[in-house]
Amino acid sequence: MNPYFTESHMRKGDSMNILLLGNSDSVFTRDFCIRVLGKEDIHAVILTPSLTEKYGQDYKDHHIREIGWPEVFLKGIRNQSGALKAIIKAYRDLKEAMGFDNKIDVLHVHYVETMHLIYFFGFWMKAKKRVLTFWGSDLLRASKGKLCLFTYFLKRSTSIVLMIQSQCDYFQKVFGHKYDEKIRIIDFGNSLLDVLDNVKQKH
């Protein structure tokens, strides 16, 4: 049984809609997607700053779609005139391209950057489950301001994925042990299959 599905999904024969926020040109993203998201019963979309130059065929072979970020987000919204109008249009275009805006089963963030989460906050709010995967520098080099912003998203996440024990130790040093039930340490191998649906008994 595919661990993305609850028993009710399997009974109904429903597909699972997965939106991954990350860089599709990264080998970590590629390996995760091929191992976990490349299934017939999953509709997977990678929301990526730019389309991959290396792994495009791999994604196509596994029926995983890439959607590039709107220009307004690539340039940054702080100093753009007419940014609000551009953002509204960008969301409208993204929803149409994704095809499942009103039913995001899992939003999985690879590399946790607060501005990226703010850009795509509308999708965060609509997702049934939210997974935050820290790669390393996104946590270790985060400023105090970013760490404070992380707290909002950590509280509302379903799972928090860390790569190695030393990273977990640092995370707990910064944030304490209040998120321990959400934390999973994985190796970007087959153990990923158990991560995204680990709290299905609670939701």
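At what angle do the axes of helix 9 and helix 10 cross? Select residues 144-155 for helix 9 and residues 165-175 for helix 10: the axes come within 12 Å and cross at roughly 100°. Axes are lines fitted to C-alpha atoms, for helices over the stretch in contact, with angles from 0 to 180 degrees between N-to-C directions. Helix 9 and helix 10 are therefore roughly perpendicular to each other (the term covers 65 to 115 degrees).

This is a predicted model, where local features need pLDDT of at least 70, side-chain atom pairs count only at pLDDT 80 or more, and totals for chains, interfaces and linings use all residues. Numbering starts from 1 along each chain as its sequence is written, and side-chain values use heavy atoms, leaving out hydrogens and water.

Helices (H or I, at least four residues) and strands (E, at least two) are DSSP runs, numbered from the N terminus.

Next, show side chains. Leu 147, Phe 150, Thr 151 and Leu 154 of helix 9 meet Phe 171, Val 174 and Phe 175 of helix 10 (contact is heavy atoms within 4.5 Å).

Seven strands form an open sheet in the order 3-2-1-4-5-6-7, with parallel pairing (strands pair if DSSP finds at least two bridges between them). Select 64-68 and 183-185: these are the edge strands, strand 3 and strand 7, each pairing on one side only. The twist averages 20° from one strand to the next.

Go to strand 2, residues 42-48. Five bridges join strand 2 to strand 3 in the parallel sense. Pick Ala 44: its bridge partner in strand 3 is Ile 64.

Finish with helix 10 again. Helix 10 packs on the sheet, touching strand 6 (159-162) and strand 7. The direction of helix 10 makes about 155° with that of strand 7.

How values were computed: Parallel < 35°, antiparallel > 145°, perpendicular 65-115°, else oblique.
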